[in-house]
Amino acid sequence: MNMRRTKDLLMKLTSTLITLIMAVPLLWIILDVIIKGASALSLDFIISLPAPFGEVGGGIGNAILGTLIINAMACVIGLPLGIATGIYLSEYSNGSKISALLRTAIDTLSGIPSIILGLFAFSLIVIRVGHYTALAAAFALSIIMIPVVSKATEEGMKTVSVDIREGAIALGLPKWVITIKIVLGIAKSSVITSSLLAFARISGETAPLLFTSLFSYYWPRGLNEPMASLQVLIYNYAMSGFESWVVKAWGASLLLMLLVLSINILVRRFSTKVG
Amino acid sequence: MSSNKLKVEDLSAWFYEKQVLNRVSLEFPDKKVIAIIGPSGCGKTTFIRCLNRMHELTPGARVRGRVVLDGKDIYTEMDAMEVRRKIGMVFQKPNPFPNMSIYDNVVAGLKLMGIRDKALLDKVVESKLREVGLWDEVSDDLRRSGAQLSGGQQQRLCIARALATEPEVLLMDEPTSSLDPSSTAKIESLVRVLKNHATVIIITHNVQQAARVSDYTAFLYLGDLIEFGETKKIFESPKNPLTEKYVTGRFG
Amino acid sequence: MEPNMEEYVKKINSTLLEMTELIENIGDYVKAALEEKKGGLLPLTTEICKAAQLKEEKVLEICVEALIRIQPFASDLRTLTTSMKVAYDISRICRYLRNIIEVMEEFSISECDTDDVLSLLKDARAMVTSSINSYINRDLKMARDLIKADDSIDQRYRAILRKLASGNYNGACILFKGLTARIIERMADHACYIGYETNYLITGNRVEY
Amino acid sequence: MKYKSNFFFEKIFKTILKITSLIVIGIFILLFYSLVERSIPSLFQNGLEILFGTSWDPNFEIFGGAPAILGTLFSSAIALIFALPISLCIAIFYTEYGPVRLRPFISGIMDLLAAIPSVIYGIWGLWTLSPILKINFQEPIIASIGFIPIFSGPAYGLSIFLASLILTIMITPIISSISIDIFSKTPMHLREGMFALGATKWEVIKNVVFPFAKRGVFAATILGLGRALGETMAVTMVIGNSYLWPFKSVSLFASASTITSKIASEFPESVVNLIHNSSLISLALILLIISISINFVAEIISKKSVGG
């Protein structure tokens, strides 16, 4: 009896301790980024261009704008494809060959390392157009979004009960109206939630941008050209080893973290309220 | 009274702020079958879960009062594991462990106690399975998973599992509610035999079943013990009009 | 259709009332026979008692069906068990009344004075009526009064016997009156049993007797 | 009339869905095709060297991938060895021992840890964790038990050890959130059955929760492994990107490379050299094959253990 109680107590202590320990890195990272990043923050930092190498000051305005532009383009490509394939898998698949292949494609894509998607966009687009371009970056990021949104859409629509569907069919509505207005209407919240999470996720993705949008020290002038992004800026500046650049990397990290974590916290609150 | 196995004194129970048992006092005689009846939500299940300290596993659960087993308060003078070993329980839905064989299910409680003697375990498995009338049906392959048995067999396996640790009191929470009539009949006749070894406390929503199997009956309503007495008296001429209304099926 | 205790009780009670009507009728015949000292009623009363027995069996059937379908407890259970007994008691009372006719056929009674048995019969019949009423209307007070009334019937029965033993009567009259008074006393006992059943039905407790 | 137009819209709607599905399937196929296509020059030139070669020198067109492949496998395996027990402990604390009111905090911590971009893990590992660990952990260990080869010096701050540590922190939230989900789904009636026999909480976990959850936890582990294998930025920033480990030094504190760090750090400069570029893409192809085959094997194993 004693041995058993001791084991139980031991497990209780171990699990408590380890859980507490896992809170340390989170707090550490967040505080670290806030403390080191805050010193770099200023209005100038957010709205101006990087200073030429060796000069003091300058900001990361182009990188912030770049990240937003690339993300927006990725959403334009990724969300429709994700939602449409989700609808297809949930409502129109009927076990056809296309749906089986699509499911395999989406399952596999969700597990592919993002750097490989960057290489894919490089091989497919950068090589063909002959220069680095934000379009390739958006394409790579959209491939990350597709499985996330598609799976959430499919699952959200699958939870709509047969009763509701039959009720709608009994009203004499055509299937596409039922699908869009009723089923998708009910699954709306999981589609929105997953889209927001996918947006947050691609905001933090760096590897697919390294060989696609690359980097630029100027304001974006068009979509089909190299473009700065917060993620690549953090990587480049942090790895450069120059103290003034590392400070800017921390500042950029703070902004990026705020963006990503606030979306996540927002979604968490939103979805716990719904559930 | 020395013949009373289990004494409940002023037992109250809560889930968060909601009181589900209100100062219940009751004495369970030894080696008898006691049925607990009452409409759903009357606190039957909470009541018997207080008797082996299962209630405290539920979040928000709170208990006040005393439950005394052979003169020892199970809340202050015994630890929960010991209580649950001495007071066995059979649940509403048969719950054999699906990852264990029939054999391992029966001896699960003994193994927890550190008993590893193969010969002893073999003996217990055979005798308990015989006791519940399952031996002839399963002895050809005791390595099968318990989950492969039929519902009635699963429930009898669970009873064998509860009996393996030789409990002095056996709690049964609507043990036949998910079973067909013939399985129900088997379990009922088993209950009548079980009282030779233990005090059996059985919850049932079926008053006919309570009348069939029990020696004593307690009627709970909205957390209050309304009436307790010999089953024959409760079903022939209950004292309380509420009991009367319930056993004659005139409850709203 | 859902088996319903109220429906069964209604059927049982109406059958019991039909039986009551039968014994009212047979009672009237017995009363008239005693008053006018005439015979020849045996076939008629035998028919009536057969009818009463059929009604008793009908009550039993209804009760058995209710027992099977409802598996009743508490007052429902007591209603059925007492109904069976009450039906038996009423049917028994019917046969007692017929027995009086039988006894009258046996002896020549034109010389006998029937006033005291008539008055005993009247009271016993009143007891029977009120016992059945107490049962059907679940009237505990009426049932308890019956038990007292039974004591007085017993006393009067004994008084008649003493009078017969001491008086100057012919043998046929003694036998006739003694037997009739005895039968009426038994009849009253059964009325009293019905009272006991009423008491048990309502309180759940049996009276010691 | 109405019926006809409905029929028409239905057709259009279905066609649109079909086309988008075909586009996604097309992207999927194209992905493999273009990686293979871009790998071919390297595979012709290097042959099996890309798998087994131990040195890498673009100037002499030597492209041996073994240290990077081993670095990927080793750092992920170490991360998994640590992350799995940690995750199980967290799930146990969350579902069994911990107070219910702590649950939102724990799942919040795990969600946020999972959400932090990997490049931020990278900058934190590179500039905060690495110097602290170098002075307070690596150097004392090297000084005391440095004679054991895997703990030998010198203490590179950026090392395969640091990469594994960061990967552990990154994949723990993935494995633990799924484990929490599965643990919570353990049927109440089974738990109670075990409690009613007089089991302690730990015995309930061991006898009921673990057997119930093992397949799900296995799947979660594979998911975490996949994430660790493919993780690029954090690893690239903290591993040191050298070919020191494992053939020149077996020390955990030596700097090393993984497939992803190799690609991330060399790819832009490789564009001028077709074979160099193609070799990096071959490494990516190898990574892809590893991660897909792990998922494939995992699926087979989890299907086989049905009912077991």
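**Note on charge pairs and surface patches in a predicted model**

1. Asp113(C), Asp116(C), Lys163(C) and Lys177(C) are joined in a network of salt bridges. A salt bridge is a side-chain nitrogen of Lys or Arg within 4 Å of a carboxyl oxygen of Asp or Glu. Side chains of opposite charge can pair when their charged atoms come close. Over all chains, the count by this rule is 51 salt bridges.

2. This is a predicted model, in which local features need pLDDT of at least 70 and side-chain atom pairs count only at pLDDT 80 or more, while totals for chains, interfaces and linings use all residues. Residues are numbered from 1 along each chain as its sequence is written, chains are lettered from A and ligands numbered from 1 in the order in which they are written, and side-chain values use heavy atoms, with hydrogens and water left out.

3. The model scores ipTM 0.81 and pTM 0.85. For chain D, pLDDT (the predictor's confidence in each residue, from 0 to 100) averages 92, and 97% of the residues score at least 70. Chain D contains 11 helices and two strands; helices (H or I, at least four residues) and strands (E, at least two) are DSSP runs, numbered from the N terminus. Of its 308 residues, 57% count as buried. Buried means under 20% relative accessible area, exposed over 50%, and partly exposed in between (1.4 Å probe, protein chains only).

4. In chain B, Arg23(B) and Asp10(B) form a salt bridge (3.0 Å, N to O). Arg23(B) belongs to strand E2 (residues 18-29) of chain B and Asp10(B) to strand E1 (residues 4-15) of chain B, so the pair ties together parts that are 13 residues apart in sequence. Arg23(B) is exposed, at 54% relative accessible area, whereas Asp10(B) is partly exposed, at 34%.

5. In chain C, the closest N and O atoms of the salt bridge between Arg98(C) and Glu102(C) are 3.1 Å apart. Both residues lie in helix H3 (residues 74-106) of chain C, four residues apart, about one turn of the helix. Arg98(C) counts as buried at 17% relative accessibility, and Glu102(C) as partly exposed at 30%.

6. Ile145(D), Phe147(D), Ile148(D), Ile150(D) and Val250(D) make a nonpolar surface patch of about 430 Å². Patches consist of residues with over 30% relative accessible area and no salt bridge; like charges are joined within 9 Å, and nonpolar side chains (Val, Leu, Ile, Met, Phe, Trp, Tyr) within 5 Å. Ile145(D) is found in helix H5 (residues 118-145) of chain D.

Key: Accessible areas come from the Shrake-Rupley method with a 1.4 Å probe; for residues, only the protein chains shown count as cover.
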